[in-house]
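Trainee: Could we go through some charged side chains together, one question at a time?
Mentor: Gladly, let's look.

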Amino acid sequence: MLQLPTPASPEPSPTARTKSPCRTCPWCFGSCGRTAEMSIPATSWIVSGRPSWRCRWMSLTAAPGEKVDRKASSNPDLHLNRATLHKYEESYGEALEGFSQAAALDPAWPEPRQREQELLEFLDRLTSLLESKGKLKNKKLQSMLGSLRPAHLGPCGDGRYQSASGQKVALEQKPLSALRPGVNSGAVVLGKVVFSLTTEEKVPFTFGLVDSDGPCYAVMVYNIVQSWGVLIGDSVAIPEPNLRLHQIRHKGKDYAFSSVRVETPLLLVVNGKPQGSSSQAAAMVASRPQCE
């Protein structure tokens, strides 16, 4: 069994902090008040661009851990790891606060401040593109929207869509503006891609979607291969869309926008065609042995 440090273990060195996306999961694990006996062999921090179940569990135990071990609340590694998880969960306000707190606790450590700045720049670019609908001229945008056809729904438009329960269901097409927060069961939206936005991490793949009803929504796709993407002008259908409403305020900056979270490109229909298995990244599991 992989032995994880207990709360009494020393904090990682600055070198250790830069070796993996999960800078110090074992130290976080220890600071949450958990012991090696409660662990199982470690899985990777990121599985195809998503936090692993272990770090999800750690995020839920982090707050109680801070009460159990007061040192945890002043551990910059804990705040950075939890902020990274918040980022992938699209809780951007909490992510920014976590990066900021990690930077304040360890001013000599450049990474938290860099992560905070990168996320702010992403939100700046994203909200600007959403407001301008990809900076497309109105004539071109109307021409694109005029080319939308029911055939672009593919299996989402003829009753062949298979839901998470494994049953084939008929979906009702709805405009983006009719969506409600959370998963919109029994609904499908169809629109045109007006921009795409990538970051250095490549995850998520983000693009802007517009329909004839008007608003531009961000679509964030996870578990993709690096070569996957959509182009401006593509028609994209999203079955049972999961809507998020974002209201973010951080250090004098305010962001407000709507997004649709897509866990895998296999859920999307692009130009009437379902996406094949080659568009989805394979899961990877990694472990690192530690000395007794």
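Trainee: Which side chain meets Arg244 in a salt bridge?
Mentor: This is a predicted model, where local features need pLDDT of at least 70, side-chain atom pairs count only at pLDDT 80 or more, and totals for chains, interfaces and linings use all residues. Residues are numbered from 1 along each chain as its sequence is written, and side-chain values use heavy atoms, leaving out hydrogens and water. A salt bridge here is a side-chain nitrogen of Lys or Arg within 4 Å of a carboxyl oxygen of Asp or Glu. At 4.0 Å, N to O, the partner of Arg244 is Glu90.

Trainee: Is Glu90 buried or exposed?
Mentor: Buried means under 20% relative accessible area, exposed over 50%, and partly exposed in between (1.4 Å probe, protein chains only). Arg244, at 23%, counts as partly exposed. With a relative accessible area of 4%, Glu90 is buried.

Trainee: Which residues do salt bridges that share partners join into one network?
Mentor: Arg261 meets Glu90 at 3.2 Å, N to O. Arg261 also forms a salt bridge with Glu263, their closest N and O atoms being 2.8 Å apart. The network's members are Glu90, Arg244, Arg261 and Glu263.
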